[in-house]
Amino acid sequence: MKNNGSIELLDEALTLKGYSPKTKKAYINHFKRFCVFVNNEDEKINEKWLKKYTLYLLEHKEVSHSYANQAINAVKFYVQHVKKEKMKMCDMPRPKAQKKLPNVLSEEEVKRIIDALSNNKHKVLLMIVYSSGLRVSEVVRLKISDVDSDRMLVRIRQGKGRKDRYSMLSEAALEELRKYYKEYKPKEWLFESQDKKWHLSERTVQKVFKNACKKANIKKEVGIHSLRHSFATHLLEGGVDLRYIQEILGHKSSKTTEIYTHVTKKSIGKIVSPLDRIIKQEQT
């Protein structure tokens, strides 16, 4: 198997199918690692070796189930769309999706993180992520024209699933955004890179968030995506209907949005701990 040629064909097929650059990169890297595992032997690109590779990933590499499933999808895509062969997956046991609750910051913690930043560009960046519930890939690709201050909306172009949508624009974020615009004078991208020809990288935003958490003395294990989780949870706690939250976040399925019902303090917070009852009874 000529690896370079196979990668080029895979890249071409993914492009024709309309996969996003991020997914393309992930699939190609998964396929490259699988090729190394089978010593680039074309005849080993089948269900038998894919099972062995999946076990290797889970047992030896101890990867997440979602990682293993994406690796399976990448190899399957290559077989079906590049080799033009059918791959029987009915006997292929899939790792069960792990149900993990998102890490959520309190409103006070969000404020501490934002206040910890002295750089106005970085502060506005995180304010927009949180107040509009954006993914890091979405905020870095915002253009000046995507901010509609008259309607108080932010337009997200070609978000996850290649869909356009609108999210809310916070008044506080808009006020800081205007100050930022006067200071930095961006031309096309709302958050330009240093050379001003392109937008900030996702990694840069992640570093900004990590540094802000360190300054704010946040002990929770959180990433930049936690601001989006926190936004959704705080909306739910504020009484916003789950269907509206689903639309704002751009979730295809309501089941994805329903996970926030498990982390909100809205219902749990009303329950009185039996320990508090016992203590109060002793005090009376």
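Among contacts in the protein chain between residues at least 6 apart in sequence, what percentage join residues at least 24 apart? The share is 61%, where a contact means heavy atoms within 4.5 Å. The chain is a predicted model, in which local features need pLDDT of at least 70 and side-chain atom pairs count only at pLDDT 80 or more, while totals for chains, interfaces and linings use all residues. Residues are numbered from 1 along each chain as its sequence is written, and side-chain values use heavy atoms, with hydrogens and water left out.

Taken along the principal axes, the box filled by the C-alpha atoms is roughly 70 × 60 × 35 Å. The accessible surface comes to about 17800 Å², and 51% of this area belongs to carbon and sulfur atoms; such areas come from the Shrake-Rupley method with a 1.4 Å probe, and for residues only the protein chains shown count as cover. Of the 284 residues in the chain, 40% are buried, a class that means under 20% relative accessible area, with exposed meaning over 50% and partly exposed lying in between (1.4 Å probe, protein chains only).

Ala-26, placed in helix H2, has a relative accessible area of 19% and is therefore buried. The C-alpha atoms of Ala-26 and Ala-74 are separated by 8.3 Å, although these residues are 48 apart along the chain.

The structure also holds 18 salt bridges, each being a side-chain nitrogen of Lys or Arg within 4 Å of a carboxyl oxygen of Asp or Glu. In one of them, Lys-83 pairs with Asp-42, and the closest N and O atoms are 3.5 Å apart. This pair links distant parts of the chain, 41 residues apart, since Lys-83 lies in the loop between helix H4 (65-81) and helix H5 (107-115), and Asp-42 in the loop between helix H2 (21-37) and helix H3 (47-60). Asp-42 is partly exposed, with a relative accessible area of 30%.

A salt bridge also joins Arg-157 to Asp-146, with 2.5 Å between the closest N and O atoms. Here Arg-157 belongs to strand S2 (residues 153-159), whereas Asp-146 sits in the loop between helix H7 (136-139) and strand S1 (147-148), 11 residues apart. Is Asp-146 buried or exposed? Asp-146 is buried, at a relative accessible area of 2%, while Arg-157 counts as partly exposed at 40%. The side chains of Arg-151 and Asp-148 meet in a further salt bridge (3.8 Å, N to O), in which Arg-151 is exposed at 51% relative accessibility and Asp-148 is partly exposed at 22%.

Rolling a probe the size of a water molecule over the atoms shows where empty space is left. The second largest pocket has a volume of about 170 Å³. On a 1 Å grid over the protein atoms alone, a pocket is an open set of points where a 1.4 Å probe fits, with protein on both sides within 12 Å along at least five of seven lines, and lining residues have an atom within 4 Å of a point. Residues lining this pocket include Ile-144, Val-147, Leu-174, Arg-178 and Lys-182. Helix H8 (residues 171-184) contributes the largest share of the lining, five residues.

Notes: Grid points are joined across faces, edges and corners, and a volume is the space filled by probe spheres set on the points. Helices (H or I, at least four residues) and strands (E, at least two) are DSSP runs, numbered from the N terminus.
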